[in-house]
Amino acid sequence: MSKRMQGKTALITGGGGGIGRSVAELFAAEGASVIIAEINDALGQEVTESINASGGRAFFQHTDVTEPDSVSATIEAGHKEFGPINVLYNNAGGANQQDSTLVGVTFDHFWRTMKLDLFGTFLCSRLVVPQMQAAGGGSIIHTTSMTAFIGRPNRTAYTAAKGGILAMTRSMAVELADDNIRVNAIAPTRTLTERVKQKNRDNPERAAYGDSLIMGAAEPIDVAYAAVYLASDESRVVSGQTMLVHSDYRRGA
Ligand SMILES: NC(=O)c1ccc[n+]([C@@H]2O[C@H](COP(=O)([O-])OP(=O)(O)OC[C@H]3O[C@@H](n4cnc5c(N)ncnc54)[C@H](O)[C@@H]3O)[C@@H](O)[C@H]2O)c1
């Protein structure tokens, strides 16, 4: 059986760590050439070397997804290395402890979150799409969060940014359908990256949320499996959708 992403070139933002790394590794294992667009050089280089050493094809370029020149340079370098980009996985983003309540969050933090999560997703899409249009199509996958659906306290900036991504998924899907470009999103539940595991060790109450879900917390590979489906031609009629990698119901509830 042929690999599910054979012949495709995929750009993964934030592909050096956490969920992004798992997605990059699985895309490469499924035959894709992967461009690791990562701001942390040590992480980006490490995952690239590891994929290449295990027989895959990976290329690293230092990238800040909030900076147009940086993203353009990565797209150009990636194209030179592996040809036109068929898959864009917009992953770079995240919540942090500076997020707060509506009244507590600083204006600076609000805009920083908007810039990384929402503008970064817009920017990478905006700059990759002309290449996909010229190549006759592609698949774009955004990263939103369960938080965009349920609302959570102390996550004002993050929830707003991830909600914006949800809406942008639908508008981009409609706008780009005639170009044969599909646009979907993944909404992970609590996912046990090293960063999240450390937070759980520091705060056992926090860990209880993942444990309370009927299927438990997700591992990064669980998100990567969903990403391969949306990136590959298996999902050729799927666009404008958000896939929840989540089990919703609580034990005993
Ligand atoms: N882990 C979870 O529980 C969870 C849940 C829901 C949604 N998500 C979303 O999934 C995505 C990945 O989350 P994660 O937990 O793997 O995060 P992470 O912090 O572990 O990894 C993010 C990666 O992005 C890189 N990065 C940060 N800023 C960047 C920039 N400006 N340009 C390029 N790269 C940059 C980081 O260096 C890092 O390698 C995020 O969008 C996050 O909001 C995560």
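This is a predicted model: local features need pLDDT of at least 70, side-chain atom pairs count only at pLDDT 80 or more; totals for chains, interfaces and linings use all residues.
Me: How many residues of strand β2 are buried?
Reply: Strand β2 spans residues 33-38 and is mostly covered. A residue is buried if 20 or more other C-beta atoms lie within 10 Å of its own. In β2 the number of buried residues is six of six.

Me: How many bridges join strand β1 to β2, and which residue stands opposite threonine 13 in β2?
Reply: Strand β1 covers residues 9-13 and runs parallel to β2. The chain gets from β1 to β2 through α1, in a right-handed β-α-β crossover. The two strands are joined by five bridges, and the residue opposite threonine 13 is alanine 37.

Me: Through which helix does the chain cross from β2 to β3?
Reply: β2 and β3 (residues 57-62) pair in the parallel sense over six bridges. In this pairing, alanine 37 stands opposite glutamine 61 in β3. The β-α-β crossover between β2 and β3 is right-handed, and its helix is α2, residues 41-53.

Me: In what order do the seven strands form the open sheet, and which are the edge strands?
Reply: The pairing in the sheet is parallel, and the order is β3-β2-β1-β4-β5-β6-β7. Neighbouring strands are turned by 20 degrees against each other on average, direction ignored. The strands that pair on one side only are the edge strands, β3 and β7.

Me: Which residue in β7 is the bridge partner of alanine 187?
Reply: Strand β6 covers residues 181-188, and β7 covers 242-245. β6 and β7 pair in the parallel sense over four bridges. In β7, the partner of alanine 187 is leucine 244.

Me: Which element gives the most residues to the shell around the ligand?
Reply: There are 28 residues around the ligand, and Gly14, Gly17, Gly18, Ile19 and Gly93 come nearest. Two elements give two or more residues to this shell, α1 (18-29) and α7 (194-202). With three residues, the element that gives the most is α1.

Me: How many residues of the shell around the ligand are polar?
Reply: The shell is split by class into nonpolar, polar and charged residues. Eight are nonpolar and four are charged. The number of polar residues is 16.

Me: Is lysine 8 buried or exposed?
Reply: Lysine 8 has its place in the segment before β1. It has 24 other C-beta atoms within 10 Å, and 20 or more is the cut-off for a buried residue. Lysine 8 is therefore buried.

Me: Why does asparagine 154 count as partly exposed?
Reply: Asparagine 154 is in the loop between α5 (147-150) and α6 (156-176). Its phi is positive, about 65 degrees, although it is not a glycine. Asparagine 154 counts as partly exposed because its number of C-beta neighbours inside 10 Å is 15.

Me: Which helix has the lowest mean pLDDT among the elements of the protein?
Reply: The mean pLDDT of the protein is 95, and 100% of its residues reach 70 or more. Strand β4, residues 87-90, has the highest mean among the elements, 99. The lowest mean, 82, belongs to residues 204-212, helix α8.

How values were computed: Residues are numbered from 1 along each chain as its sequence is written. A residue is near a molecule or strand if its C-beta atom, placed from the backbone, lies within 6 Å of it. Ala, Val, Leu, Ile, Met, Phe, Trp, Tyr, Cys and Pro count as nonpolar, Asp, Glu, Lys and Arg as charged, and the others, Gly among them, as polar. pLDDT is the predictor's confidence in each residue, from 0 to 100. A residue is buried if 20 or more other C-beta atoms lie within 10 Å of its own, exposed if 12 or fewer, and partly exposed in between; C-beta atoms are placed from the backbone. Two strands pair if DSSP finds at least two bridges between them. A crossover is right-handed if, with the strands pointing away from the viewer, the path from the first strand over the helix to the second runs clockwise. Axes are lines fitted to C-alpha atoms, for helices over the stretch in contact, and angles run from 0 to 180 degrees between N-to-C directions.
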